[in-house]
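Dear colleague,

Please find the structure below, together with its sequence. My notes on it follow directly after.

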Amino acid sequence: MSVSPLHDIWEASASQPFQPSIGKSLQFTIGATLLFIALVLSGLFGLNNSLKNLPVYGIPASLAFGFGAVYMICAVGVYV
Amino acid sequence: MRLFNWALVALTSLASADSNLTHESRNILPSTFKPAQHFRNVNLVRNINLEKSFPRETINVVIENIDNAPQQEYFLPFEQGSIGRVGGLEVKDKKEPERTGFVVDVVEVDPYSTTEYYKITLPTPLPSKQQLTLSITYYALSALTPLPAQIGQTDKQYVLHTFSAYAPSAYTTSKQKTKLKLPTVDVPDATTLPPELNAEGKEDPQKQGTSFTYGPYNELPAGAVQEVSVRYDFTKPLVHGKLLERDVEVSHWGNNVAFEERHWLTNRAATLKNHFSRVTYAQSAYYNPPSSALKELRFPLAVGSADPYFVDDIGNVSTSRFRSNMREANLELKPRYPIFGGWNYSFKVGWNSDLKEFLRRVKGASNTYVLKVPFFEGPKQAEGVEYERVVTRIILPEGAKNIKFSTTITLTSNTTSLHRTFMDTMGRTSLELTALNVVDEFRERDLVVTYEYPFSARFRKPLVIFGGLMAVFAVSWVLGNLDVSIGRKQKSV
């Protein structure tokens, strides 16, 4: 019994369920790996604190930490 | 006085309907308002189903337009005070149940008037001299009163239901009868009406097993009332939810939808005559007789639900069981204590589900999603649960916009606001919907929400953290290379 246009949209989109980029079971692995990479790269940056190393280590470390933190908080049950 | 206030609150909030609905629902009328006699009820059959803890009334009525012009507005009267307890009023065309477009509004009348009206707007005006069969359904909350009001712990409970043998009507009714469906044959009292009133000269009520009939009655004027009451065995809890708050939190990153429900329940059943006896309670657990105490709550959840929790004011309640398999996911809760008449219990339950069951990408529109969740779930009890107020909050991902929603439950208000929680910079868009006087038979009703979730909003969380850590690295580089040595600066070679 379709009663509203929104219900029709729901029915029309039946072939397109939401596809996550990372499933729930992989969140911890991905999060932990990314956070570990971030830790190593931050350590390398700390060892040689120079302007040249800022893009070389800083940017990948920040990116890894950004995504790693999001996946890790999801993996522990705080779904952000 | 409280009931009166409550009715007033219900009225004013009902009238301030949401912008999603296109009809106008604010109608303030003078207290002398009387619906124009455009209609006549040719034949009316009212069924009152008393099998649950809230009466469900179905009025099947053949209406005829006796005016010369086509008419569209049909009024249904309620006694003042009782309209605030009426919920889930729905109208259908009995002959064409698929026909939609019946709009139901509460008409706001001067608060000192004794009668208040629901206004039913027909999908198309009914031409003169034409007939239409309406099927009007509604529930009445807090309508059963235990009598006696105090019973022993293992006693049978009897409840009293008072109503009018003549169906509420703002129009002349040519022919009508009222049928009662009772849960048992144990009915110690039912008001008898003299045979002179009955069209067939029989004494009312006519009993046949668990169904009682008042009528048929001949032509009655508008507003005719004949108060009658029945008292019957109902040794079950009268579960009444004062408030149900429900949160549905959507997480695209986590591929999860988190549900949480906070319940404030009370049992309207007869109160205990003496103190609660633990010994009697333990003894009765062996043969488990029917009881007016609420001992167990069952939540049938969507298949695939996981990580349930059941927490009350004290903390985790360990007397719960979660049965989950390929076909079902049932959450069986035992409250911390049996809830006898007049006792209260508040608790919260929550669970998670995979997002793909509830969320779809809208075909033909990138970055637009459609979410379909039950408006509320709550326990599913054989005796029924009634809720005074249900507040459902849909917490969408941060940055979601262009929100549209639709539900078949009558809402009294909707607001959109920001909800701030973990890892948020702006706050998540949340949609709060309120419904009054809802019963658990509506727990399957869906709420559909569409929203736009742009690419930029999706990456806000990791990029904010990325920016933060980059700032830390930059500051550490600046600070690390500051020359803070004492003495003459050494020239670099």
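Which residue forms a salt bridge with B:Arg262? The partner is B:Asp247, the closest N and O atoms being 3.4 Å apart; a salt bridge here is a side-chain nitrogen of Lys or Arg within 4 Å of a carboxyl oxygen of Asp or Glu. B:Arg262 belongs to strand β18 (residues 256–267) of chain B and B:Asp247 to strand β17 (residues 239–251) of chain B, so the pair ties together parts 15 residues apart in sequence. B:Arg262 and B:Asp247 are both buried, where buried means under 20% relative accessible area, exposed over 50%, and partly exposed in between (1.4 Å probe, protein chains only). Helices (H or I, at least four residues) and strands (E, at least two) are DSSP runs, numbered from the N terminus.

Please note that this is a predicted model, in which local features need pLDDT of at least 70 and side-chain atom pairs count only at pLDDT 80 or more, while totals for chains, interfaces and linings use all residues. Residues are numbered from 1 along each chain as its sequence is written, chains are lettered from A and ligands numbered from 1 in the order in which they are written, and side-chain values use heavy atoms, with hydrogens and water left out.

Further salt bridges

Over all chains, the structure holds 32 salt bridges. One of them joins the side chains of B:Glu73 and B:Lys119 at 3.5 Å, N to O. This pair links distant parts of the chain, 46 residues apart, with B:Glu73 in strand β4 (residues 71–79) and B:Lys119 in strand β7 (residues 115–126) of chain B. B:Glu73 is partly exposed, with a relative accessible area of 35%, whereas B:Lys119 counts as buried at 10% relative accessibility.

B:Asp446 and B:Lys372 also meet in a salt bridge through their side chains (3.6 Å, N to O). B:Asp446 is in strand β31 (residues 446–452) and B:Lys372 in strand β26 (residues 368–374) of chain B, so this pair ties together parts 74 residues apart in sequence. B:Asp446 counts as partly exposed, at 22% relative accessibility. Elsewhere, salt bridges that share partners join B:Glu296, B:Arg298, B:Arg321, B:Arg323, B:Glu332 and B:Lys334 into one network.

A sheet in chain B

Strands β26 and β31 also belong to an open sheet of four strands in chain B, ordered β25-β26-β31-β28 with antiparallel pairing; two strands pair if DSSP finds at least two bridges between them. Its edge strands, each pairing on one side only, are β25 (359–361) and β28 (401–407) of chain B. Seven bridges join the antiparallel strands β26(B) and β31(B), and B:Thr368 stands opposite B:Glu452 in β31(B).

Contact between the chains

Helix α3 (residues 53–75) of chain A and helix α4 (residues 460–480) of chain B have axes that come within 8 Å and cross at roughly 140°. Axes are lines fitted to C-alpha atoms, for helices over the stretch in contact, and angles run from 0 to 180 degrees between N-to-C directions. Residues of α3(A), including A:Leu54, A:Phe65 and A:Val70, meet residues of α4(B), among them B:Ile465, B:Leu469 and B:Phe473; contact means heavy atoms within 4.5 Å.

Chain B as a whole

Chain B has four helices and 31 strands. Its C-alpha atoms fill a box of roughly 120 × 70 × 45 Å, taken along the principal axes. Of its 493 residues, 50% count as buried.

With kind regards
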